[in-house]
Amino acid sequence: MPVQLSLCVIIATVFATAVANPDINVVCERNSVKITWKIAPELLPYAARFFLGNCMASTLNDLTTGEGELYFSYSFDECKFKRLIKGKNVHYQNQLTYRPYAKSKKPAAYMYPVNCTYKRAEVWVPPYLNAGSGVSESRGELVFHMALLNEHLTGVAKTNLIPVGSFMAIWAAVEQKSHQPLLLLIEDCVAGYTAELQLNSQVYPIIHNKGCISKEMGENAGFLQRYHSSALTFSLRAFMPPFGNQVYIHCNLIVWDPEGLAEDKKACNYIEQTKSWELLDDPSQSSLCNCCQSTCKSRSKRGVTRDSQSFSHKSVLGPLIIVDPSEAPDSVQDIPA
């Protein structure tokens, strides 16, 4: 107990001035951050309790003054940085903290915000939409895109902060270039809490079974009417996952012959009233969706020509930050077209 009391006195006296004038230098680089943090001699024995997010200091240097200099050098993919999109900027945010007690639920004794801001890169958007962020990746002569749309479906959203309970629209498209007309489909799609999925990753199915909206989603998810065969949009009600408030959407996109709809090449909405699935692109052929309640199997390939009509691509969108409606900025509630 006397040791803890002594430590509390050190924290109170040393950090009383640090809050007003912290000796911290933050340098934002292209995809990383470098931070130096000078600490008092009294705190050198506790240098291992200083963190950037969940990362310890990369190195500790002893200065001639008796002070210590902590050096943090990490990429934005490390240390639990949050990526926020607001307007034309991308923000990578984190916190420097001092946590004197190991394995304690007590709040940090000291916190210092770290924010690196960059202008968003221009993202390709077809002429059917206004300019707006997302991901774009090439596969041969095809360029795949996936992005979060604003609530009016007129452009890409200007923020990745999503109020829980609200509907978000996720748009996928393929830029066809010299290819013949192609139909974009989403074979499967899950929500996870990491940008990369592992075998034991906790995920929530949104689309599965080769193009079926998950029955468990009910009316909380669904494909929207197309404006072009090369693009597909689905809506999803934002939910607060048990693994935190950051969500990544992982989708397997495929392109196909527009005239070749089949049990393994389709987009099927679940209709709550009838407890059945309906084919988005041609409701009269909804029998192709009957397999959604069991297993939709791929048709056997009939030669190289048929197989060459299909291309697939895995795309990841995120992080999407799910927040309480009271915490959402006005720009989330009302994004102008």
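Is Cys296 buried or exposed, and at what relative accessibility? At 3% relative accessibility, Cys296 counts as buried, because the cut-off for a buried residue is under 20% relative accessible area. The legends below start with an overview and then come back to this cysteine. Please keep in mind that the model is predicted.

**View 1. The whole protein chain, with its helices and strands.** The chain holds three helices and 22 strands. Of its 337 residues, 44% are buried.

**View 2. The disulfides and how their cysteines are paired.** Six disulfides turn up when the whole structure is searched. If you number the bonded cysteines in sequence order, the pairing reads 1-4, 2-3, 5-7, 6-11, 8-9, 10-12.

**View 3. The disulfide between Cys55 and Cys79.** Here the S to S distance is 2.2 Å. The torsion about the S-S bond is about -110°, so this disulfide is left-handed. It links distant parts of the chain, with the two cysteines 24 residues apart. Cys55 lies in strand E4 (residues 55–56), while Cys79 belongs to the loop between strand E6 (68–75) and strand E7 (82–86). Both Cys55 and Cys79 are buried.

**View 4. The disulfide between Cys268 and Cys289.** The sulfur atoms of this pair are 2.0 Å apart. With -85° about the S-S bond, the link of Cys268 and Cys289 is left-handed. Distant parts of the chain are linked here too, 21 residues apart: Cys268 sits in strand E20 (residues 268–271), and Cys289 is found in the loop between strand E21 (276–279) and helix H2 (304–307). Both Cys268 and Cys289 are buried.

**View 5. The disulfide between Cys291 and Cys296.** Cys296 is joined to Cys291, with 2.1 Å from S to S. The angle about the S-S bond is 95°, and the link is right-handed. Cys291 has 6% relative accessibility and so counts as buried, and Cys296 at 3% is buried as well.

**View 6. An open sheet of four strands.** Follow the strands across the sheet and you meet them in the order E1-E2-E6-E5, with antiparallel pairing. Strand E1 (24–28) and strand E5 (59–62) are the edge strands. Each of these two has a single partner strand, so one side of each has no neighbour in the sheet. On average, neighbouring strands of this sheet are turned by 15° against each other, direction ignored.

**View 7. The pairing of E1 with E2.** How many bridges join E1 to strand E2? There are five, and the two strands run antiparallel. E2 covers residues 32–39. To find your place in the pairing, look for Asn25, which stands opposite Thr36 in E2.

**View 8. Arg30, in the loop between E1 and E2.** Arg30 has its place in the loop between these two strands. Its relative accessible area is 74%, so Arg30 is exposed, the cut-off for exposed being over 50%. Leaving aside neighbours within four places in sequence, Arg30 is in contact with Phe76 and Tyr118.

How values were computed:
Residues numbered from 1 in each chain as written. Predicted model: local features only at pLDDT ≥ 70, side-chain atom pairs only at ≥ 80, totals over all residues. Heavy atoms only, no water. Disulfide = S-S within 2.5 Å. Buried < 20%, exposed > 50% of the residue type's maximum accessible area, 1.4 Å probe, protein only. Pairing = 2+ DSSP bridges. Axes fitted to C-alpha atoms, helices over the stretch in contact; angles between N-to-C directions. Contact = heavy atoms within 4.5 Å.
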